[in-house]
Amino acid sequence: MMSIALAGPAHASTMDLFGFGGRSPALAGTGLATTSDYEATWLDPAGLALARVKSATVGFLYGKFDLILAGQKTDTSPARGSVIGGVVPMPLGGSLRDRVGLGFGFYVPLDTLNKAKAPYPGDPSFALLANRSQVIAINIGVGYRVNDRWAVGAGVIALAALKGTILVQTDPSGRFTTFSEEKLVTQVAPVFGVQRRDERLSLGATLRFPSRSDYDIQVTTDLGNVVPIALPPIRIAGNAQYDPLTLAAEAGWQWQPDILISGQLAYQRWSAFPLPTENPVTGTPPQGPTGFHDIVVPRVSIEHTRTAGDATLSFRLGYAFLWSPAPEQTGRQSLLDNNRQLGSIGVGAAWPRAKVPLHVDAWVQGQYLMFRANRKDPGLFDDPMTIPFDEASTRGHIVIAGVTIGVDL
Amino acid sequence: MKRAVIILIALAHQAHANPADMFGFGARGAAMGGAQVAAANDGTANYYNPAILARLDTIRIEAGYQIASPALKVDDLDNAVDSSRGSVIDIAVPGQLAGTRFTIGAMIFLPDEALTRLRNESAQKPRWALYDNLPQRLVFGANAALAITDDLMIGGGISYMAATKGVVNLRGLVGFPRPELSNLDLAIDVDLDTIQYPVAGVWYHAADWLDLGASYRGGFYLTIDLAFNLKGDVGSPGQPPAVSNGHVDLHTVSQDLFQPAQWIVGFDARVSSRAHLAMDLGYHRWSTFQNPSAHIDPPDLDLGQFNQFINIPPFPPLPDPHFHDILVPRAGFEWLAQDDDAHRWFARAGAIYEPTPAPEQTGESNFIDNSKITLTAGAGYELKHGLGEIIPRPVSFDLSLGITELVPREHRKVSPVDAVGDYRSSGHVLEAGILSRWQF
């Protein structure tokens, strides 16, 4: 009565899951109002306008998923990827002097640029966690400082989508042959941000449009001379990665000269979450909606910064509560998800006046999946034999660590 | 028979050009025949020779557009192939690291149609082997360069591509005799695996009048490795199935989108106060090119009572294409035509000879390629003082034009009963590009 897919559909990006860079993940994903380096390409491109030196950063992260579905551990791939970022304050003159900054940030998985993985509809899986880290992300942004307090910015987040056709047929000798064509095309999502900075209070807001990576491959067969059974046209289509529309606002308060406290609220429009797979043939009954709902994610963090000789040291702590957008999966869909508590810790060291001006940041993040049970409602199924399971519980945790090294140029 | 060949090629929608590998990156380089391994002087060095990035002392951003329109013919009939067009963007950001010049940069050629396109067909189907998928791909790289001394620079970087591998599972009911009544569910596990290839270069200021350069561009090939598994019943909904728990498993592998490893050496000679002469010689390792045709393993199937009607002969091994390595000479010339307080005008020209790596297609395969002669020309205009106080540094605009002539070639089949028969390939490609270059 119960079949379990030990891996799940792939949705959303590493940056949405863990944050981006060396500082923000240590602050539970905050930093929107106080970042002015390459992390701003994801958090709030307005911050790029406040960059004062050219810098380049490389880094690495590793994440381990211990996801338990109905008492069994899933085989979710670990997150392993590199972070590349840079910021360039543009040396323009006249009215644009010291007002414009460019930035870029890449997350490149070591093994897979993109992953489309989804079980059969109804088979239980971690809908929003499994394989989310297996997608390349490219962020590019520009920031403009309006005056001493205000800055605005815009950017794009690019993902890749796969489209194609495959024709399977037979040659005159009866052998199978194929004609296939695949195209990898970009799907771009804009990002807009604004920041206001006072001596002790920094405010920021970001509007991040949905970014998604779809796949759509049409398969047709013409095997009439060899196989006496004709296949219908088959459409292999769905969504591999999805980040929802996000509107985030943050305040950073410099409580003491060496202590920064930040709080963020992010609205995420998960109600537009698409189906991981679409029906491959027209005769298959509709799958029904995912039933996901919008959420608001609160994040808080504290950062203590002190000098030690020529070095500047930072100690960071953060916490976030990540509401699950998935309802209890009582019907045909089994897109499982849990509320998560996120805790983070990190350190940073910078030697801005050294011969080689280095910045080193390291962080560890833990995400605890709160226990949840999903019970199927037999009344929602026409045929009791199609109920994939009676009850499935989910729990687990994720541990992620990262380190980045940057240099001022 | 010749008519059949022409139709087959036309149906394949083949032939394009990779503006970076085949026609240059950026309008200045393209106008100089791509002879830039020592002569590049801007962010296009990201592509030609990343070591040159360490020479730059201002931020460079370049953006432009390139197009190549081929007219490739078999037996003098145009195959109506697609053109290749896309945007060129690069950036170089110089700085200092421990008192040494250090530059980071990135470049991208972004095709209009798609980041990459993989297309494969049956082994015998004629195709323009070098013009089929090569031009339909993203060219993307990130580089860093370091000045070892004032005269010696090194640089390198990584470029990324993706190969497809995975499995598609279908289960349910296949409608028989009415396939439109099928009821199938889909599960998918497909990865775009990371393919990385290196780029490296060295540049040496040998004398006041002479610069030397060398670069290496790694090779790669992309594959499509897909399995399709269909399990379930065959019959009509609500009726006893004609086949219970049948299955059809297909596995297809094909190699396509190949780039040969390339070693390039060259020089840039200032033959007068107004003229540059640049020459490159590239070694392209085409001998590693594999047959790009689709290969399907014999299907594993069980269709119950229908098994007795199915007899699928085994798929023969794909023939080796027998490509060979080639040397590609390039020459470029740049003349400073006018230089006053505010403006500079440049005239440029170049030539390329690219012998074909493909042997004459005498057997079953039909990987058509010809030796190529390319002539290029172009012009550049520089505003020495930029665009006023906001952008006070030089701004340039470049134009390039080119024509590649494919030396006509006969393909004579050994077998008198060859399914395709003898044919003659020829054609030309017209290229054009524009580039704006900005210094900050």
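**Figure 1. The surroundings of V146(A) in the predicted model.** Leaving aside neighbours within four places in sequence, V146(A) is in contact with A151(A) and V152(A), where two residues are in contact if their C-beta atoms, placed from the backbone, lie within 7 Å. V146(A) is found in the loop between β7 (137–145) and β8 of chain A; helices (H or I, at least four residues) and strands (E, at least two) are DSSP runs, numbered from the N terminus. Because 14 other C-beta atoms lie within 10 Å, V146(A) is partly exposed; a residue is buried if 20 or more other C-beta atoms lie within 10 Å of its own, exposed if 12 or fewer, and partly exposed in between, with C-beta atoms placed from the backbone. The C-alpha atoms of V146(A) and F371(A), which are 225 residues apart along the chain, are separated by 47 Å. Residues are numbered from 1 along each chain as its sequence is written, and chains are lettered from A and ligands numbered from 1 in the order in which they are written. This is a predicted model, for which local features need pLDDT of at least 70 and side-chain atom pairs count only at pLDDT 80 or more, while totals for chains, interfaces and linings use all residues.

Figure 2. A nonpolar core is a set of buried Ala, Val, Leu, Ile, Met, Phe, Trp, Tyr and Cys residues joined through C-beta atoms within 7 Å. Of the 142 residues in the largest nonpolar core, those that touch the most other members are Y107(A), F126(A) and A137(A), together with A51(B), L53(B) and I188(B). Strand β8 (residues 150–170) of chain A supplies the largest share of this core, eight residues. A second, separate core has 15 residues, among them V81(B), L257(B), A358(B) and L406(B). Not counting residues up to four places away in sequence, Y107(A) touches T14(A), M15(A), F20(A), G81(A), V83(A), I136(A) and A137(A).

**Figure 3. The side of chain B that touches chain A.** In this interface, 63 residues of chain B are in contact with 62 residues of chain A. The elements of chain B that give two or more residues to this side are β3 (84–97), β4 (100–111), β5 (116–120), β8 (152–175), β9 (183–207) and β11 (220–235). The largest share, twelve residues, comes from β9(B). By residue type, the side of chain B that touches chain A divides into 40 nonpolar, 13 polar and ten charged residues, where Ala, Val, Leu, Ile, Met, Phe, Trp, Tyr, Cys and Pro count as nonpolar, Asp, Glu, Lys and Arg as charged, and the others, Gly among them, as polar.

**Figure 4. Strand pairing around β3(B).** Strand β1 (residues 60–74) of chain B pairs with β3(B) in the antiparallel sense over nine bridges, two strands being paired if DSSP finds at least two bridges between them. Within β3(B), D90(B) is the bridge partner of E62(B). Twelve bridges join β3(B) to β4(B), and these strands also run antiparallel; V93(B) stands opposite I104(B) in β4(B). A hairpin with two residues between its strands is formed by β3(B) and β4(B).

Figure 5. Most residues other than glycine have a negative phi, and most peptide bonds are trans. A98(B), in the loop between β3 and β4 of chain B, has a positive phi of about 55 degrees although it is not a glycine. A98(B) counts as exposed because it has 10 C-beta neighbours inside 10 Å. D98(A), which is not a glycine, likewise has a positive phi of about 55 degrees, and its place is in the loop between β3 (79–89) and β4 (100–109) of chain A. With 14 C-beta neighbours inside 10 Å, D98(A) counts as partly exposed. The peptide bond from F176(B) to P177(B) is cis, with omega near 10 degrees, and P177(B) is placed in the loop between β8 and β9 of chain B.

**Figure 6. Confidence along chain B.** Chain B averages a pLDDT of 86, and 89% of the residues score at least 70; pLDDT is the predictor's confidence in each residue, from 0 to 100. Over residues 1–17 of chain B the pLDDT is below 50, although this stretch has 53 contacts in the model beyond near neighbours in sequence. Where pLDDT is low, the predicted coordinates should not be read in detail. The model scores ipTM 0.75 and pTM 0.82.
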